[in-house]
Amino acid sequence: NRQVILKRYVSGCPTVDDMEVVTGTVRLVLPPGSTTAILVKNLYLSCDPYMRTRMTRHTDDPNFVPDYVPGKVLDNCNVCKVVLSAHPDFKPGDFLWGVTGWEEYSLIPNPVLCNKINHREFPLSYYTGVLGVPGLTAYAGLFEVAKAKKGEYVFLSAAAGAVGQIVGQLAKIAGCYVVGSAGSDQKVNLLKTKFGFDDAFNYKEEADLNAALKRCFPLGIDVYFDNVGGATLDAVLRRMRPRGRVAVCGQVSQYNLERPDGVDLFQLVGKHIRMEGFLVSEYGGDYYRRFEEEMARHLREGKVVCVEDVVEGIDAAPAALVGLFAGRNVGKQVVAVARE
Ligand code: NDP
């Protein structure tokens, strides 16, 4: 059972040497007497920026998810197939998405964080992206947190990524004016041609972010879907319209820093801007099922498309994860460890 383990706690940018692919000793049998355990074969591992936050040891302030432990296998929300089951709700051959290890096989004592895959007409890997956590994050963040409405001016960062590409397309469907920023011309081109954004820019090529935002939003921004924090957030806050909303989804520009960059939060006070943090985990159960059906409809009708960046084999997993912080992924980063 090949596994990706954390070798040591990380400071600064993660590297492939912070992880190791080892042969683990998980026995591919169910614990005797269990009535809940399942053994799954992992098919698609999801690479997500928040995994970096779990590679730091949090001593005083706990993170919102447990830290990874050196010497232990990483885990995340992956796609897998049930091989053995003692659980009445799961049977061998079922396809699931949910929390499993970054390994070929995972023994799950009680799969409370696993869901059945309902739509087999789409590629299974979509449940690491558009039909999984990133899609749900985009949907909940845009409509529940930012409350984007028809006719509003919407800006988003890391716009070509797993969450961003869906945010932009959902905002277009809702009738918003949508502009995204991304870190390469190839990504900017995708935003404009494939995802139907009204405009987009390469933030690495803009000498002055304030000027870029003024050019794209002469009348200001109503909704900012923040994936990066830092200098972009600072510039966006200056461009927000009164009663604008910022959905603070993530702060990927900060994850590798020992101390966060300064941001002028006083802007919120003067303009009555509501800036609200949220976690996708609040939006499970019935909310997820409503989202899943709506998104499946958009996909079938071709109103939402998605781009994935799939690398092959578990040995490629550490580099794929590290690549997120250099923007090497074009679209949702997935590691294919096995085909069904
Ligand atoms: P992406 O697919 O967007 O991959 C990360 C991207 O971030 C890179 O491709 C890169 O794109 C960009 N990036 C990396 N480093 C920096 C930097 N220093 N400054 C600016 N941009 C950078 O990831 P996801 O779509 O999975 O995640 C997007 C955000 O959403 C993250 O902040 C993540 O933590 C957050 N998130 C939050 C959830 C929640 O519940 N609140 C749930 C899921 C995700 P580029 O080339 O454009 O720079």
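## A pair in the sheet

Let's start with one spot: Val223 sits opposite Arg245 in S12. Strand S11 (residues 221–226) and strand S12 (residues 240–248) run parallel and are joined by 5 bridges. Helices (H or I, at least four residues) and strands (E, at least two) are DSSP runs, numbered from the N terminus, and two strands count as paired if DSSP finds at least two bridges between them.

A word on the model: it is predicted, so to speak of local features takes a pLDDT of at least 70 and side-chain atom pairs count only at pLDDT 80 or more, while totals for chains, interfaces and linings use all residues. Residues are numbered from 1 along each chain as its sequence is written.

## The whole sheet and its helices

S11 and S12 belong to an open sheet of 6 strands, in the order S10-S9-S8-S11-S12-S13, with parallel pairing. At the edges are strand S10 (199–202) and strand S13 (274–277), each with a single partner strand, so one side of each has no neighbour in the sheet. From one strand to the next, the twist averages 15 degrees.

Helix H3 (residues 162–173) packs on this sheet and touches strand S8 (153–156), strand S9 (177–182) and S11; the direction of H3 makes about 165 degrees with that of S9. Helix H6 (residues 230–239) packs on the sheet too, touching S8, S9, S11 and S12, and its direction makes about 165 degrees with that of S11. Axes here are lines fitted to C-alpha atoms, for helices over the stretch in contact, with angles from 0 to 180 degrees between N-to-C directions. Contact means that the C-beta atoms of two residues, placed from the backbone, lie within 7 Å.

Buried means 20 or more other C-beta atoms within 10 Å of a residue's own; exposed means 12 or fewer, and partly exposed is in between.

Leaving out residues up to four places away in sequence, Val154 touches Ala148, Ala171, Cys176, Tyr177, Val178, Asp222, Val223 and Phe225.

## The protein overall

The protein has 9 helices and 15 strands. Of its 340 residues, 46% count as buried. Among contacts between residues at least 6 apart in sequence, 66% join residues at least 24 apart.
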